Amino acid sequence: MAAPAPASTPARLVVLVSGSGTNLQALLDAIEADPSYGAGARVVAVGADRDGIAGLDRAVRAGLPTFVVRVRDYEDRAAWDLALAEATARYAPDLVVSAGFMKIVGKAFLAGFGGRIINTHPALLPSFPGAHGVRDALAYGAKVTGCTVHFVDDGVDTGPVIAQGVVEVRPDDTEDALHERIKDVERRLLVETVGRLARHGYRIEGRKVHVGE
Ligand code: GRF
């Protein structure tokens, strides 16, 4: 999988969300607070697979266009995927950031944006992929877990790893407490990683991601 460096300066980001959107907020805050960060990347739109979520409210508060593409409004998953790809393409993103977006994208989306879709996952991949990464690490008895920022391919959380952050599991941890500590690390990691990719460009060679080389 080869990928060009982001084509625009600042790089155009479309962020996809399904929930509270604190990772989205961290990106928006970094862009707002740090002019050198904002010179490298800007969010041009926020998309979601459902209405009524805090992530969309955050986008509206930031004055950003939003779009919602719900699975249940389409005949099947492929039609939904195509609609999501079309809605995203309207904003001509250089990078698509899946930040707590709880859907697996399909063929049409990958055809449009393959090698340019970044996902953040709350576990140290390849351990504990899927929708319950935090719960699964805790249930397994892992002593460390964390988060992974990776490119999206056609598997579930299987694409090339860009960056990872480590979080210790405490003996008395609950899923919520552990997830909150992971999200602290995750937000910083996502902001830093997206910033580096946007400013320096990157190449994907097999499973290796080379940033700014
Ligand atoms: C993150 O931990 C993400 O990895 C997971 O869901 C959480 C989303 O958090 N899939 P938020 O919506 O960005 O607050």
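**Nonpolar cores and aromatic pairs**

The largest nonpolar core of this predicted model comprises 43 residues, and V15, V46 and I118 have the most contacts inside it. Helix 7, which spans residues 175-200, gives the most to this core, with eight residues.

The surroundings of V46 were examined in more detail. When neighbours within four places in sequence are left aside, V46 is in contact with V15, V17, L24, L56, A59, L64, P65, T66 and F67. One of these contacts, V15, is also among the residues with the most contacts inside the largest core.

Aromatic rings were considered next. A pair of aromatic rings is described by the distance of the centres and the angle of the planes. Rings of Phe, Tyr and Trp are taken as a pair if their centres lie within 6.5 Å, and a pair is called stacked if the planes are under 30 degrees apart. By this rule there are five aromatic pairs. One of them is formed by F67 and Y91: the ring centres are 5.8 Å apart and the planes lie at 10 degrees, so this pair is stacked. F67 belongs to strand 3 (residues 66-68), whereas Y91 is found in the loop between helix 4 (77-89) and strand 4 (95-98); the pair therefore ties together parts that are 24 residues apart in sequence. F67 has a relative accessible area of 9% and is buried. Y91, in turn, is partly exposed, at 21% relative accessibility.

W80 and F101 form another pair, with ring centres 6.4 Å apart and planes at 15 degrees, so these rings are stacked as well. This pair, too, links distant parts of the chain, since W80 is in helix 4 and F101 is in the loop between strand 4 and helix 5 (107-113), at a separation of 21 residues. Both W80 and F101 are buried.

With residues up to four places away in sequence not counted, R42 touches P10, A11, R12, L13 and I31. The C-alpha atom of R42 is separated by 9.4 Å from that of A198, although the two residues are 156 residues apart along the chain.

Terms used
Residues numbered from 1 in each chain as written. Predicted model: local features only at pLDDT ≥ 70, side-chain atom pairs only at ≥ 80, totals over all residues. Heavy atoms only, no water. Phe/Tyr/Trp six-rings, centres within 6.5 Å; stacked < 30°, edge-to-face > 60°. Helix = DSSP H or I, 4+ residues; strand = E, 2+ residues; numbered from the N terminus. Buried < 20%, exposed > 50% of the residue type's maximum accessible area, 1.4 Å probe, protein only. Core = buried A, V, L, I, M, F, W, Y, C linked by side-chain atoms within 4.5 Å. Contact = heavy atoms within 4.5 Å.
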